[in-house]
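Biologist: I would like to learn how to read the features of a model like this one. Could we go through them one at a time?

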Amino acid sequence: MPIYRFMETPCKWTLGLWKDVIPDHSSRMFRRCWRKLWHPGRPYTGSVPSSPDSEFRNSEMSTQSERPLHTPVMVKEVLQFLDIKPGQVVLDLTFGAGGHSKAILQSVPGVTVVAADRDPTAFQMAQHLAEEYPGQVKPVLGRFSELNNLLPVLGLGPGNVDAALLDAGCSSMQMDSAERGFSLSKDGPLDMRMDGNRYPDMPCAADVVNALDQQALASVLAVYGEERHTRKIAAAIAQARSVYPIGRTLQLASIVAGAFPASALYARRDRLQRPSHVATKTFQALRIFVNNELNELHAGLNVAQTLLRPKGRLCVLTFHSLEDRLTKRFLRGEDLAAPPRRSIRQRAKAQHGLEKEEHEEEEEENEEGERGRESAHWVSLKKVIKPTEEEVQENPRARSAKLRTAVRR
């Protein structure tokens, strides 16, 4: 059987990937696991322990139907830095629910928006928006890595785009849909595929947790989730799946929680100092791994670099440190196949396990020199931008967002 190269990557350092992370499994075996282990209609009868912030989460869920599918982040800042003029062409690489694209169409007359997304649901929403703005919206269904073949059909080539926006990560409408399997707080099939059912043979999160050996699973959690307790979590998953296949989101969350004492379940805090479930990083790692998100982000940045005209503007929104570091290094023109540069103090702390969570210290030390930094292809407009406190209070999911802006040379 041929080796299933689940995550082909040009580098293992900046993208945080291993070329053969599952060397002992073929695509045929994964399809067999998918048929055997997938239980989309079987609810999980277990439970995830309630949290100190459960009241907040319950109130959030009760008003969910009144909220939009997705609240775009830093809309004013994006519009300001893209500086779109009437009649220009804008490439929205991650259309999602269309929040940023709608704001662009409403604020700039005669603009053309190319609305791309890998999610079929988002593509349908882009088609509806195209009906509202005839001739101004061009929907495209595809991953970043597929756009080089899809966009020329629309007449887009090098230098034909005036502004580009990339909003990385998972959208709220994906997180809030239980059947998509992204959320650890909603019971649903352990899917996590952003492409939906476009690729039936593509492994889902349930395939990963049931088929990867314990060492490979720990590696996935360490690289994509920056999780410190990878061996403990991987061992708990391996033990649980030996009894019964893991196929539901709450089932996995409960298994991860069972690897820790009750006092540690919500000991972690998010950026708003709210309790964060101990399985949060595990879900992040699986989602990134299943969707090949970091390689796709790299491909999307390359698409923007190819299509933007000289002095064309790029805005990139990221939501965790892996995305942000990759984007920063790309805009700086660094060799992504080489290890990230670190100071002697950072290397010493990393060796002793004292490095700060999500490499915050590295970001703080390097951010001061970000503004005006030039590479062969980009000039950064400003150092990293974060949402205001008011926006974070109105939209808590914006708390970890970072906006990087650059001009094409």
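**Buried charges and salt bridges**

Modeller: D195 is buried, and so is R143. Keep in mind that the model is predicted.

Biologist: How should I read two charged residues placed like that?

Modeller: Side chains of opposite charge can pair when their charged atoms come close. Here D195 forms a salt bridge with R143, with 3.3 Å between the closest N and O atoms. The pair links distant parts of the chain, 52 residues apart. D195 lies in the loop between α7 (172–175) and α8 (205–211), and R143 in the loop between β3 (137–141) and α6 (147–150).

Biologist: Are R325 and E226 buried or exposed?

Modeller: The cut-off for buried is under 20% relative accessible area. R325 is at 16%, so it counts as buried. E226 is at 18%, so it counts as buried too.

Biologist: Next, the strands. How do I read the directions of side chains along a strand?

Modeller: In a regular strand the side chains alternate between the two faces of the sheet. Take strand β2 (residues 112–117): T112, V114 and A116 point one way, while V113, A115 and D117 point the other way. All of these residues are buried, and β2 is described as mostly covered, with six of its six residues buried.

Biologist: Which strand is joined to β2, and in what sense do the two run?

Modeller: β1 is joined to β2 by four bridges, and the two run parallel. V89 has T112 in β2 as its bridge partner. Strand β1 (residues 89–92) is also joined to β4, by three bridges and again in parallel. In that pairing L91 stands opposite A164 of β4.

Biologist: Where else does β4 pair?

Modeller: β4 pairs with strand β7 (residues 308–318) in the parallel sense, over six bridges. There L165 stands opposite C315 in β7.

Biologist: Why is β4 said to be largely enclosed by the rest of the structure?

Modeller: Seven of the seven residues of strand β4 (residues 161–167) are buried, so the strand is largely enclosed.

Biologist: What about the nonpolar residues? Which members of the largest core touch the most other members?

Modeller: The largest nonpolar core has 71 residues, and L91, L151, L190, L252 and L314 touch the most other members. Leaving out residues up to four places away in sequence, L252 touches L190, V209, I237, I246, F283 and L286. Apart from that core lies another, of 31 residues, among them V78, I84, V108 and V111.

Biologist: And the aromatic rings: how many aromatic pairs are there?

Modeller: The count comes to one aromatic pair. Y224 and F289 form it, with 5.6 Å from centre to centre and 55° between the planes, which is classed as tilted. The pair links distant parts of the chain, with Y224 in helix α9 (residues 214–225) and F289 in helix α12 (residues 280–291), 65 residues apart. Both Y224 and F289 are buried. A ring can also lie under a charge: the charged end of R408 sits over the ring of W378, 5.9 Å from its centre.

Biologist: Last, the backbone. How do I read a positive phi?

Modeller: Most residues other than glycine have a negative phi. D83 has a positive phi of about 50° although it is not a glycine. D83 is placed in the loop between α3 (75–82) and β1. At 34% relative accessibility, D83 counts as partly exposed.

Biologist: What is the phi of N292, and where does N292 lie?

Modeller: N292 has a positive phi of about 55°, and N292 is not a glycine either. N292 lies in the loop between α12 and α13 (293–307). With a relative accessible area of 17%, N292 is buried.

Notes:
Residues numbered from 1 in each chain as written. Predicted model: local features only at pLDDT ≥ 70, side-chain atom pairs only at ≥ 80, totals over all residues. Heavy atoms only, no water. Buried < 20%, exposed > 50% of the residue type's maximum accessible area, 1.4 Å probe, protein only. Pairing = 2+ DSSP bridges. Phe/Tyr/Trp six-rings, centres within 6.5 Å; stacked < 30°, edge-to-face > 60°. Lys NZ or Arg CZ within 6 Å of the ring centre and 35° of its normal. Core = buried A, V, L, I, M, F, W, Y, C linked by side-chain atoms within 4.5 Å. Contact = heavy atoms within 4.5 Å. Salt bridge = Lys/Arg side-chain N within 4 Å of Asp/Glu carboxyl O.
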